[in-house]
Amino acid sequence: MPESAQPETPILVSPAAPESPVTFPPAFLWGAATSAYQIEGAVREDGRTPSIWDTFSHTPGKTAGGETGDIAVDHYHRYREDVAMMADLGLTAYRFSVSWSRVQPTGRGPAVQVGLDFYRRLVDELLQHGITPAVTLYHWDLPQELEDAGGWPERDTAYRFAEYAQIVGEALGDRVEHWITLNEPWCSAFLGYGSGVHAPGRTDPAASLRAAHHLNLAHGLATSALRSVMPTRNEVAISLNSSVVRPLSQDPADVAAARKIDDLANGVFHGPILHGAYPKSLFEATRSVTDWSFVQDGDLEVIHQPLNALGLNYYTPTLVSAADPQLSGPRADGHGASEHSPWPASDDVAFHQTPGDRTEMGWSVDPSGLHELIMRYTREAPGLPIYITENGAAYDDKPAADGTVHDPERIAYLHGHLAAVRRAITDGADVRGYFLWSLMDNFEWAYGYEKRFGAVYVDYATLERTPKSSARWYERAARTGVLPEVDAR
Ligand code: FCB
């Protein structure tokens, strides 16, 4: 990115309230996050084979405009300039994911060294720039061959994942201290196999619950596999998109609806992972769909591994009420609309638009939800450090005539949410870092390139990167540990 392309920062450091600056602990990690399929491109290079997202995005009608991650933002070839840009933006941490199909193209068997070499080079580059890497092993891109063998509803996929985790752990464990097994297993299970808006696009409620269990099992097996090959100082975590589920009213029927969705969004993962058991109420609520006989003896012990940290991804809360099953219609779940619900056995629940300003995704801006989420997990898992592994917003960013990209809404969003993180720390939560979603505009799954989440603008014609004003705002926060005021203009 040429120097001249950098916008003059329009952010004001407020002279108004110097006595109450929002200040973060010195060791707090100021990160940004991405994922392999959303940024790498180079989908047919160096032995990489298709993942379920290659297949899905190339299936007509599955993504906006038929867009794919074939080129994405070409990070595979531009990682050096991207890391230099991160350093220029003052980031102290970077969360990225490894493409399973690059490392183990058929999802089983020996590793492809040239695929691993890409991640070795990326990690070296980050470390040379003083940026702490955080590796996510799985951000939704299952090798297609494993889907052909049954995918996540199939138990064997969990064992394949543990094998892959061990390969990556052996290759990078000496240099990477922060490990995340799965990103948002809720999306993999319920959007991938329930509503079908995500790859592999199946719409089978029973399969989505089987997938959820096998993702949990995969997490447990991978945690042990990683620990068997990595130095003990390394941290193993999982990133959950735990929902903040609120009832529309205090009417007992609405409160019960919120509990049910809480089980299906949260308890289904944190139950076994943090407490070693699925909520009984989850079994009862889903009995019409499955008898859960796929949970085998010993599975819960495998899943219930002590973790070093918990990753939380937060965007917006969820508002529900009781509903008349007869009236249920098409569902929007945040990542796309489908006539199939991602929520098994939940025709008796209605989903409502949450109040407040909305982002381009239609998601309401509500930092109080992030505070609530952090405090909930501070109680759910006392003593477990928390990282906010994703938080951010899509806006309709457009370059001005001089090429700068001014995104005051994103600055306000980040300010509000980081202040909520700080409040949670004051209230006793052990939050160690924050990863903005996303470093740069990228392939937003079913939405293609239509939704821009980046702090850095990408011109998709030239792939030129230009930090938006929010990136410069975040840079100040990262360099000083204090939130700059937002520009009131
Ligand atoms: C999260 C995903 C991430 C991105 C953001 C907007 O659910 O983990 O890849 O799509 O939403």
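**Reading loops, helix pairs and cavities**

Reply: Begin with Ser438, which sits in the loop between strand E13 (431–437) and strand E14 (456–458). Strands (E, at least two residues) and helices (H or I, at least four) are DSSP runs, numbered from the N terminus. The model is predicted, so local features need pLDDT of at least 70 and side-chain atom pairs count only at pLDDT 80 or more, while totals for chains, interfaces and linings use all residues. Residues are numbered from 1 along each chain as its sequence is written, and side-chain values use heavy atoms, with hydrogens and water left out.

Me: Which residue is joined to Ser438 by a cis peptide bond?

Reply: Trp437 is, and omega of that bond is about 10°. A cis bond also runs from Ala199 to Pro200, with omega near 5°. Pro200 belongs to the loop between H8 and helix H9 (205–229).

Me: What is the value of phi at Ala42?

Reply: Phi of Ala42 is near 50°, which is positive in a residue other than glycine. Ala42 lies in the loop between helix H1 (36–39) and helix H2 (52–57).

Me: Now the helix pairs. At what angle do H14 and H15 pack?

Reply: The general idea comes first: axes are lines fitted to C-alpha atoms, for helices over the stretch in contact, and angles run from 0 to 180 degrees between N-to-C directions. Helix H14 (residues 408–426) and helix H15 (residues 469–480) pack at about 30°, their axes 9 Å apart. H14 is therefore roughly parallel to H15. The label follows the angle: under 35 degrees is roughly parallel, over 145 roughly antiparallel, 65 to 115 roughly perpendicular, and the rest oblique.

Me: Which residues make that contact?

Reply: From H14 come Arg410, Ile411, Leu414, His415 and Leu418, and from H15 come Ser469, Ser470, Trp473 and Tyr474. Contact means heavy atoms within 4.5 Å. The classes are five nonpolar, three polar and one charged. Ala, Val, Leu, Ile, Met, Phe, Trp, Tyr, Cys and Pro count as nonpolar, Asp, Glu, Lys and Arg as charged, and the others, Gly among them, as polar.

Me: How do H8 and H10 cross?

Reply: The axes of helix H8 (residues 185–195) and helix H10 (residues 252–275) come within 10 Å and cross at roughly 125°. H8 and H10 are therefore oblique to each other. In H8, Pro185, Trp186 and Phe190 meet Leu264, Ala265, Val268 and Phe269 of H10. By class, this contact has seven nonpolar residues, with no polar and no charged ones.

Me: And which residues of H9 touch H10?

Reply: The axes of H9 and H10 come within 10 Å and cross at roughly 35°, again with a right-handed crossing. H9 supplies Leu209, Ala212, Asn216 and His219, and H10 supplies Leu264, Val268, Phe269, Pro272 and Ile273. Seven of these residues are nonpolar, two are polar and none is charged.

Me: How many cavities of 30 Å³ or more are there?

Reply: There are six. On a 1 Å grid over the protein atoms alone, a cavity is a set of points where a 1.4 Å probe fits but cannot get out, and lining residues have an atom within 4 Å of a point. Points are joined across faces, edges and corners, and a volume is the space filled by probe spheres set on them. The largest cavity has a volume of about 90 Å³. Its lining has 13 residues, and Tyr315, His335, Glu390, Glu444 and Trp445 lie nearest the centre.

Me: Which strand gives the most to the lining of the second largest cavity?

Reply: E4 does, with three residues. This cavity holds about 80 Å³ of space, and its lining includes His178, Trp179, Ile180 and Glu235. By class, the lining has seven nonpolar, three polar and one charged residues.

How values were computed:
On a 1 Å grid over the protein atoms alone, a cavity is a set of points where a 1.4 Å probe fits but cannot get out, and a pocket is an open set with protein on both sides within 12 Å along at least five of seven lines; lining residues have an atom within 4 Å of a point. A crossing is left-handed if the near helix is turned anticlockwise from the far one by less than a right angle, and right-handed if clockwise.
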